[in-house]
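My notes are set down in the order of looking.

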Amino acid sequence: PLAKKAEEQEPAVHEGFLKYARAVLSQPLDVDGDGKPDNLVSFYRTHPGEKLLLTGHSLGGAGATLLGSELVARGVAPEQIPVITFGAPA
C-alpha cells in the first residue's frame, strides 16, 4: 500500500496520555455550580459565552492539550477553551 501524504496522517498520541485526557469527558461534573452533574461538552456547546481554562505541568500539560483537542473535535468552540501548559511533552 502507498504511504499516506503528510497532510492525511493523524497525529500519533501516547495511549496513556489519551486515556488520561478522555477520563475527564467520561465523568459527570458540576460545571455551573448548581449541584447537578453536567456533561462537559453539552454545557460548553449550549453556553457559548462561558470559558474553561485548561492548564497543567508535565503530564497535566499533555492532558490539558489533549482534552482541549477532544473538546474542539466534539464541537466546543476553540475560543472557549484556552490552554496554557508548562513543561508538557510535545
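The entries below go from the helix to the core, the salt bridges and the pocket.

**Entry 1: ground rules.** I am working with a predicted model, in which local features need pLDDT of at least 70, side-chain atom pairs count only at pLDDT 80 or more, and totals for chains, interfaces and linings use all residues. Residues are numbered from 1 along each chain as its sequence is written, and side-chain values use heavy atoms, with hydrogens and water left out.

**Entry 2: helix H3.** I took helices (H or I, at least four residues) and strands (E, at least two) as DSSP runs, numbered from the N terminus. Helix H3 covers residues 59-73, and Glu 70 lies in it. I checked its length against the expected span, which is 1.5 Å times one less than the number of residues. The 15 residues of H3 should span 21 Å, and the end C-alpha atoms are 21 Å apart, which agrees. Just after H3, I noted that Gly 75 has a positive phi of about 105°.

**Entry 3: what H3 buries.** I called a residue buried under 20% relative accessible area, exposed over 50% and partly exposed in between (1.4 Å probe, protein chains only). The buried residues of H3 include Gly 61, Ala 64, Leu 67, Glu 70 and Leu 71. For contact I used heavy atoms within 4.5 Å. The buried residues of H3 pack against helix H1 (15-25), helix H2 (40-46), strand S1 (54-57) and strand S2 (83-86).

**Entry 4: the core.** A nonpolar core is a set of buried Ala, Val, Leu, Ile, Met, Phe, Trp, Tyr and Cys residues joined through side-chain atoms within 4.5 Å. The largest one has 13 residues, and Leu 25, Leu 67, Leu 71 and Val 76 touch the most other members. H1, H2 and H3 are the elements that give two or more residues to this core. Leaving out residues up to four places away in sequence, Val 76 touches Val 41, Tyr 44, Arg 45, Leu 71 and Ile 81.

**Entry 5: salt bridges.** I counted a side-chain nitrogen of Lys or Arg within 4 Å of a carboxyl oxygen of Asp or Glu. By this rule I found three salt bridges. Lys 19 pairs with Glu 15, with the closest N and O atoms 3.3 Å apart. Both lie in helix H1, four residues apart, about one turn of the helix. Lys 19 and Glu 15 are exposed.

**Entry 6: Glu 70.** Is Glu 70 buried or exposed? At 12% relative accessibility, Glu 70 counts as buried. Its side chain meets that of Arg 22 in a salt bridge (3.1 Å, N to O). Glu 70 is in helix H3 and Arg 22 in helix H1, so the pair ties together parts that are 48 residues apart in sequence. Arg 22 is partly exposed, with a relative accessible area of 39%. Glu 70 also forms a salt bridge with Arg 74, where the closest N and O atoms are 3.3 Å apart. Arg 74 counts as partly exposed at 38% relative accessibility. Through shared partners, salt bridges join Arg 22, Glu 70 and Arg 74 into one network.

**Entry 7: the pocket.** A pocket is an open set of points on a 1 Å grid over the protein atoms alone where a 1.4 Å probe fits, with protein on both sides within 12 Å along at least five of seven lines; lining residues have an atom within 4 Å of a point. Lining the largest pocket are 16 residues, of which Ala 12, Val 13, Ala 62, Thr 65 and Leu 66 lie nearest its centre. The largest share of that lining, six residues, comes from H3.
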